[in-house]
Amino acid sequence: MKYMISMYRCYAATNFRLLNFENRTYKNIRFFKNSVVLQLPSKEPLKTDTKVPAFTSGSGVDYDNPCLQSTEKKNASLNNTDVTHDNKLDNKQNINETLNDSNFTMRLVKRIEKWSPSTAKYARLSVFGTKYLYKDILVLLSAFNKYYSSDLSLLTYAELEVKYRLPSQLFGLTPILIFCNIPFLDLLIFPIAFMFPKYLLSEHFWTDEQIKEYWVKDQQNNFEHNMRVFEHLSLMAEECSDDMLLKWFRVIECLKAGNVAPVEDIIQAIPVFTMFPYNFSSLPPQHIKVLLKMYNIHRGWGRRLRLKKLAQYIQLMDKAIESEGGPDKLNDRQLKWACLFRGLSPFSSSRETLVLYLQDWIKISSKIDNDSLSFILHCQVLLALNRPENDILKKTE
């Protein structure tokens, strides 16, 4: 009987109808003279061994009084809402603990580490890589939700960056997601994936050494395209009008001499890209092809349209950085990728150098309008070609 009453007590704590039924049944004293008084469970553990006095008519609560009944109902409802609110908070805390601490998985990794440290390294990469990938997927879903409901201009910089980078990485993860569900094949596919992480895994599962190695290799390939883009720019300068040649040739000659062009001279050369042959409608096909290679875009139909959309997207990211407080507010990973994407090697530079470079980039980007939008695609060539931070790319060329 005590077990049934205790079970009823726990169930009644979360059911408002049972609490009302409990109050009504207390009126019939002749049926419940020797029963235990039902109470809401407190935060302290209940002691079933303590004796609760029997319910008598001389108690301090008069259940025949309607005013007292209403106050008791209000208190019961308030207690019920407090209990449910506490339960929701506890559930959220438990979910955050499992996501942030990974108690079970980390204990499993520690056991694997005692058996084989090299295997534990890949197990730890799998655990944290899955957690980071899950968080980025949530950011990507929120970015697509904002994009389809309103516009790209409402997205934050983190959402813009994830929307640009993550879809191609998820495409690389497709073989793993397909074959990992086949029995006994998942034992083989994960070792193969860690043997070729650049092609079968996303950046979430890479080590710091692998990130540096793969990013430097990709930037070395892009540096060759940057040199070709600069050669095309210097050849096309001969077709400019006379009034713009002085400002534009000042930048070209500075870069040919191996120096870094001043930001003010680059800003003064922006109007050149509103005219022939630097605007989007008049760029030569060979130059369009090199730009597509430099930004790792496929060379199919609609090349100019895809380059124009990319230029608009880069300018949106620049505006998002500026609206969120500037490059100082970016974390180290975001700052490194932002400089890498804009032509500067982030591994041989300090954080202050990267912040100053992004500030100069944003200063130039804020002066570009829709007519001179092609300038932003060439900005990394003009701003970062002869930077001393990119000497590592020239030595291994």
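Modeller: Arg250 is partly exposed, with a relative accessible area of 44%, where buried means under 20%, exposed over 50% and partly exposed in between, with a 1.4 Å probe and protein chains only. The model is a predicted one, in which local features need pLDDT of at least 70 and side-chain atom pairs count only at pLDDT 80 or more, while totals for chains, interfaces and linings use all residues. Residues are numbered from 1 along each chain as its sequence is written, and side-chain values use heavy atoms, with hydrogens and water left out.

Arg250 forms a salt bridge (a side-chain nitrogen of Lys or Arg within 4 Å of a carboxyl oxygen of Asp or Glu) with Asp265, the closest N and O atoms being 3.7 Å apart. This pair links distant parts of the chain, since Arg250 belongs to helix α11 (residues 242-256) and Asp265, 15 residues away, to helix α12 (residues 263-268); helices here are DSSP runs of H or I with at least four residues, numbered from the N terminus.

A second pair joins the side chains of Asp332 and Arg351, with 2.7 Å from N to O. Asp332 lies in helix α15 (residues 332-341) and Arg351 in helix α16, 19 residues apart, and the pair again links distant parts of the chain. Both ends are partly exposed, Asp332 at 48% and Arg351 at 31%.

Helix α16 also holds Asp360, which forms a salt bridge with Arg387, the closest N and O atoms being 4.0 Å apart. Arg387 is in the loop between α17 and α18, 27 residues from Asp360. Arg387 is buried, with a relative accessible area of 14%, whereas Asp360 is partly exposed at 24%.

The loop between α17 (375-384) and α18 (391-395) is also the place of Asn386, which is buried at 14% relative accessible area. A polar atom of the Asn386 side chain lies 3.0 Å from the backbone oxygen of Leu255, and a polar atom of that side chain lies 2.9 Å from the backbone oxygen of Asn259.

By the salt-bridge rule the count comes to 11, and Glu161, Arg165, Glu203 and Arg333 are linked in a network of such bridges.

Notes:
Helix = DSSP H or I, 4+ residues; strand = E, 2+ residues; numbered from the N terminus. Polar contact = N/O pair within 3.5 Å; in protein donor to acceptor, adjacent residues only side chain to side chain.
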